[in-house]
Amino acid sequence: MTKDKESAVRNLHFVYILTLVFETIIHFSDESEFVVDMSKLGLIRVRKDLSPKTKVLDMSQNYISELHLSDIGFLSGLKVLRLSHNRIQCLDISIFKFNQDLEYLDLSHNRLQKISCHPITTSLKHLDLSFNDFDALPICKEFGNLTQLNFLGLSATKFQQLDLLPIAHLHLSCILLDLEGYFVKENEKESLQILNTKELHLVFHPNSFFFVQVNISVNSLGWLQLTNIKLNDDNCQVLIKFLSELTRGPSLLNFTLNHMETTWKCLVGVFQFLWPKPVEYLNIYNLTIVESISEEVFTYHETTLKALNIEHVINRVFIFSQTALYTVFSEMTVTMLTISDTPFVHMLCPQKPSTFTFLNFTQNIFTDSVFQNCHTLTRLETLILQKNELKDLFKVGLMTKGMLSLEILDVSWNSLEYDRHDGNCTWVGSIVVLNLSSNILTDSVFRCLPPRVKVLDLHSNRIRSIPKDVTSLETLQELNVASNSLAHLPGCGTFSSLSILIIDYNSVSNPSADFFQSCQKIRSLKAGNNPFQCTCELRDFIQSVEQVSSEVVEGWPDSYKCDYPESYKGTPLKDFHVSQLSCNTALLIVTIGVPGLVLAVTVTVLCIYLDLPWYLRMVCQWTQTRRRARNVPLEELQRALQFHAFISYSEHDSAWVKNELVPCLEKEDIRICLHERNFVPGKSIVENIINCIEKSYKSIFVLSPNFVQSEWCHYELYFAHHNLFNEGSNNLILILLEAIPQNSIPGRYHKLRALMAQRTYLEWPKEKSKHGLFWANIRAAFNIKLILVTENDDVKA
């Protein structure tokens, strides 16, 4: 079988396969039934391992030559059986007697020569026996019971008028007659009456000139298809005579010619024949023009034809008059004309006001000169010029100037550019839908658009940004700028009526969160498949998307994924989360700064209140003295305690210390360290204080208001208290010579406050009678024998 024939049949079966097979498959899938595909497996017989629950069985394109009852009889629930393109020669209808649910049976493209007639299930809707080797039409009287039959495909090499009488009462949707092998003796004519079908499809031999002289009559025919029509000037009338009976009825509205090879003269003759007929829609697919093209007389009288559709034209005439070719079409008085996928380089402007409302010249070779200065297409509403050779958008605008009714213009898939900067474009004001997709337009296109356009398609161009100064698109409702290089979502300040925006597959990385506030009328946004940068700037946009209806943002969340940074790549935007603190600089500063400020203020207050600098200075001096002590030779460090006590006092209290305290203690052999007699000349005061405290078993502090006012006394108290914790012993003796009011102690002397509050001190009594007890308490504090090292011993050491 030829490819042309198979292609034609596929076209015919398309609707029925969709409605019967696929709907059945979907229905069965919902019921968890079985769909078995065994096509193209090289089978020579039906497999025996089929499930009895099988509902759809496809064994097409194999090498099966026989069918038996045992092959499919056990498939009681079978509804669809495809056995096309096999090698079956004989068919016994009785093998289907147990398949009472069978609805679709395809036995086309086999080698069937005869069938044995038997009753068959009445549920059958699709029966195809076409493209077989039958001599006569394979019609059984039992077929008359198929009241649900919609499609019937048959083959025959000869006809008798009443061949189809058994099914005359059936109301079929389509009958396919394979006439590839049809022949009749010369000067003989046959007749065939087809009573009731809406569509009749006749397939002829692809390589033979049309010569069929059968008289076919059909009642209520609505659509006639002829496939494989090969004509020349000699047999053109044979086709026209053949069509005379078929086109007689008033119900024939659609006429289709598939794979037609003809001369230009014959084609014009067919047009002229069909012009007064009731046909409203004429379709020609795969047209080949041969021999010559010359001017033909065509009378454009009144016609019911509304639409002429010609797709895929091959012109084998290389030298011809273009005027002769184009004039026939340009002057037609139909409303819709389609000539697509042809080598036409031009189309003439009608010489008088045209009836065209729809023109489709997709995939031709039209240039910018087409329809220039044309003022006769005033009724034209839709113009499609896809896939041509248009280059200048300015000239396209000029082309529409005289098309006063034009509403839809499609000039996609061309090479259109606009490089002018004056924005002085001329468009007819009636255009509301404009398709400029798949061109090479840039940002400047927004300065050359129809003023009242409502739907604008600019996808697959070279647009990087939408100028903010565009002022003529207030009526724009739908904008498609997908597959460009836009970096931002456009606001709706320029497009105040915008309701649909398609901007996917661009370079939008950080869409503005203000988009939905700017575009209050938006009801559909498609912005997926962009390289979104998942940073703080994107967080507000994500929140705004989640606040609108899911129907508004198309493709959310599947098409919206992070592209940067690498750690988030591929993450859906809905799963991208970042804290408010990390994104809000002011909040971050406040969060860090306020605690720092509070800490600084607190430290400052404490420093002032506790005289922290003073203590730091003391610590520094203590550390320096200890560091110097570590550098002293070892023999100087190996010494024991030299004094029982170091006395710290104010110079104003020296009389009491020298006249009372020291004599009383030294009388008891208590060795005393005083600064005026034991400090080593040349050393610093701090170093002498530390050395005296460390060489003394006890430190006596004579407290008085004068002591409080002496900073050096406080140094000595600080170092002695530090030595208390350092040595782990109780080495402080506090003597209160005079009462000290608490409010007279400076704030920085908090250690003195603490010692007076926590430790027991000896108070010098004013009454002489109590002096004895005082001295007894003093002596009791010195119950230790010192291993005193004399100065000579120190020298020897």
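# Helix packing and aromatic rings

User: Which elements do the buried residues of α3 pack against?

Analyst: This is a predicted model, where local features need pLDDT of at least 70, side-chain atom pairs count only at pLDDT 80 or more, and totals for chains, interfaces and linings use all residues. Residues are numbered from 1 along each chain as its sequence is written, and side-chain values use heavy atoms, leaving out hydrogens and water. Packing rests on contacts (heavy atoms within 4.5 Å) between helices (H or I, at least four residues) and strands (E, at least two), which are DSSP runs numbered from the N terminus. The partners of the buried residues of α3 are β10 (191-203), β11 (215-219), β12 (223-230), β13 (254-263) and α4 (264-274).

User: Which residues are exposed on the other side of α3?

Analyst: Buried means under 20% relative accessible area, exposed over 50%, and partly exposed in between (1.4 Å probe, protein chains only). In α3 (residues 236-246), the buried residues are Cys236, Leu239, Ile240, Phe242, Leu243 and Leu246. They cover an arc of only 160° around the axis (taken from the directions from the helix axis to the C-beta atoms), so they lie on the same side of α3. The exposed residues on the other side are Gln237 and Lys241.

User: Is the pair of tryptophan 556 and tyrosine 560 stacked, edge-to-face or tilted?

Analyst: The whole structure holds 21 aromatic pairs. Rings of Phe, Tyr and Trp (its six-membered ring) pair if their centres lie within 6.5 Å; planes under 30 degrees apart count as stacked, over 60 as edge-to-face and the rest as tilted. Here the centres are 5.2 Å apart and the planes are at 55°, so the pair is tilted.

User: How many residues apart in sequence are the parts tied together by tryptophan 656 and tryptophan 764?

Analyst: The ring centres of tryptophan 656 and tryptophan 764 are 5.1 Å apart with planes at 70°, so the pair is edge-to-face. Tryptophan 656 lies in helix α13 (residues 654-666), and tryptophan 764 in the loop between β31 (762-763) and α19 (771-780). Both tryptophan 656 and tryptophan 764 are buried. The parts that the pair ties together are apart in sequence by 108 residues.

User: Which residue has its charged end over the ring of phenylalanine 394?

Analyst: A charge sits over a ring if NZ of Lys or CZ of Arg is within 6 Å of the ring centre and within 35 degrees of the ring normal. Lysine 230 does this over phenylalanine 209, 4.9 Å from the ring centre. Over phenylalanine 394, 3.7 Å from the ring centre, sits the charged end of arginine 420.
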